[in-house]
Amino acid sequence: MNKKVIENLQVIDIADEGRAVAKHEQMVVFIDAAVPGDVADVEIYKQKKSYAEGRIIKLVKPSEHRTEPFCSHFGVCGGCKWQYMDYKMQLHYKQKQVSEAMKRIAKIENPVLSPIIGSVNETFYRNKLEFTFSNKRWLTVDDMKKGVNDLEPALGYHIPGRYDKVLPIEKCYLQDDLSNQIRNFVFQYCMKNNFTFFDLKKQEGMMRNMIIRNTTLGEWMVIMIFKEDDKGKRESLLNALKENFPQITSLMYNINQKRNDSIYDLDFTLHSGKPFITEQMEDLKFRIGPKSFFQTNSIQALELYKVARDYAQLTGEEIVYDLYTGTGTIANFVARNASKVVGVEYVAEAIEDAKINSQENNISNTSFYAGDMKDMLTTSFYETNGYPDVIITDPPRAGMHEKVVAMLNQSNAKRIVYVSCNAATQARDLALMAEKYVVTKIQPVDMFPHTHHVENVVLLELK
């Protein structure tokens, strides 16, 4: 089919989801892998009444902000989509994303943002990666030219939109290179010893998933997830990992025979080492178990928590609520500056970690509760635990339930510190609190270089 090509189209902006934007005859054109300032010939592959979507087929004049992607898997695996844009420009558009959400959705006329805090590390910054085994590999253009068979096994990342196939990863720039060494060793060992790889459609095959976590203290956790319980092969692989990688301080596994990859309802077995790894922030140490939520960029997480603590303006007299507390990281981080901290979280295992983290750090003024936030946060809960002077909330990407927002409004807390990984849903919630609270400070923090994602911290003060 002949597709429409627009020649010499100039890229002018970045849209909310990170795609580049151009305009042609009053129509908005979203373009894959383009940088503002690019001039390109663009092939249109989808067109609606008000917009079109296209891809560059010829770069006529590159933007001064265009860079050469550093990863060999760029453009195929679906991650790190902004590698072609210099980091300074990435930060500019993340800041702009937050500003526009505050204006358009939160209805703040002139939002004053502090300059975004950029990531100390632009590569190798993550502390957790998850990989998938598959008996069907995704074929790149080069693979097809070489005649590679797509029925060959693979260990790597799911291709977006094609969850039955996996792209084999040689080197990923997201986690310390030891992660690459461990993953490649596991793949070669399984191939050499005829381990079967998971077939998503047939729901069979021994090797299913692998999770690798690490901390700034140099501790490593490797979790092997098997579909089939073959003790002989399982033990041989785990022993080989233990022997070849003494850096692994926690080696665990589980057997997942469900039809989905969720691990939160499964039990884990410790093969060797400790059942957790430890992260440190300032003088505090935090245990991270196989199910624990912890910000995936440890160094930037510290910067994020410093901002939250600063915005809370604690004097030592306040009752603080930490909503969506996870493993209690923020709760414990601010506890020494508060009279009392109350943490609430949906995942019961995370709450147990939070309690342990308080004990390990000799913190005695915290209390933690597990349950659905919209059901837990009630007038009765306020009366039992004391009405909060300060609330810190760090919800998931979907933001807060309307009932939770309503209870925040009823709390009459002097300050609310809202930490979010989604400026749009955060802005939606801010609009619902506008009658009672005014936004006085906004601080974007970049946790994920080479992606369009950005964390944002907002301070609301009672009117």
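# Chat on a predicted chain model

Modeller: V222 lies in strand β10, residues 220-226. Strands here are DSSP runs of E of at least two residues, and helices are runs of H or I of at least four, both numbered from the N terminus. This is a predicted model, where local features need pLDDT of at least 70, side-chain atom pairs count only at pLDDT 80 or more, and totals for chains, interfaces and linings use all residues. Residues are numbered from 1 along each chain as its sequence is written, and side-chain values use heavy atoms, with hydrogens and water left out.

Colleague: Is V222 buried or exposed?

Modeller: V222 is buried, at 0% relative accessible area. Buried means under 20%, exposed over 50%, and partly exposed in between, with a 1.4 Å probe and protein chains only.

Colleague: What is V222 in contact with?

Modeller: Leaving aside neighbours within four places in sequence, V222 is in contact with I182, M210, I211, I212, L241, I248, S250, L251 and M252. Contact means heavy atoms within 4.5 Å. The C-alpha atoms of V222 and I211 are separated by 5.8 Å, and the two residues are 11 apart along the chain.

Colleague: Now S236. Where does it lie?

Modeller: In helix α4, residues 231-244. S236 is partly exposed, with a relative accessible area of 26%.

Colleague: Which residues is S236 in contact with, beyond four places in sequence?

Modeller: Y189 and F195. Y189 is 47 residues from S236 along the chain, with 9.7 Å between their C-alpha atoms.

Colleague: And M376?

Modeller: M376 is found in helix α8, residues 373-376. Not counting residues up to four places away, M376 touches V344, Y369, A370, G371 and F381. M376 and Y346 are 30 residues apart in sequence and 9.4 Å apart in space, C-alpha to C-alpha.

Colleague: How about Y324, buried or exposed?

Modeller: Y324 counts as buried, at 18% relative accessibility. Phi of Y324 is positive too, near 60°. The loop holding Y324 runs between β15 (319-323) and α6 (329-334).

Colleague: Which residue follows α10?

Modeller: N412, with a positive phi near 55°. Helix α10 itself covers residues 402-411, and its buried residues are V404, V405, M407, L408, N409 and S411.

Colleague: K48 next. Where is it?

Modeller: In the loop between β4 (39-47) and β5 (51-61). K48 is partly exposed, with a relative accessible area of 46%. K48 and Y305 are 257 residues apart in sequence and 43 Å apart in space, C-alpha to C-alpha.

Colleague: How many of the lining residues are nonpolar, polar and charged?

Modeller: There are 10 nonpolar, five polar and five charged. Ala, Val, Leu, Ile, Met, Phe, Trp, Tyr, Cys and Pro count as nonpolar, Asp, Glu, Lys and Arg as charged, and the others, Gly among them, as polar.

Colleague: Last topic, the whole chain. How many helices and strands?

Modeller: 11 helices and 21 strands. The radius of gyration is 24 Å, close to the 23 Å that the globule rule gives for 463 residues, so the chain is as compact as a globular protein of that length. That radius is taken over C-alpha atoms, and the rule is 2.2 Å times the number of residues to the power 0.38.

Colleague: What does the C-alpha trace span?

Modeller: About 70 × 65 × 35 Å along its principal axes. Of the 463 residues, 54% count as buried.

Colleague: And what share of contacts comes from residues 24 or more positions apart?

Modeller: 63% of the contacts with a separation of 6 or more.
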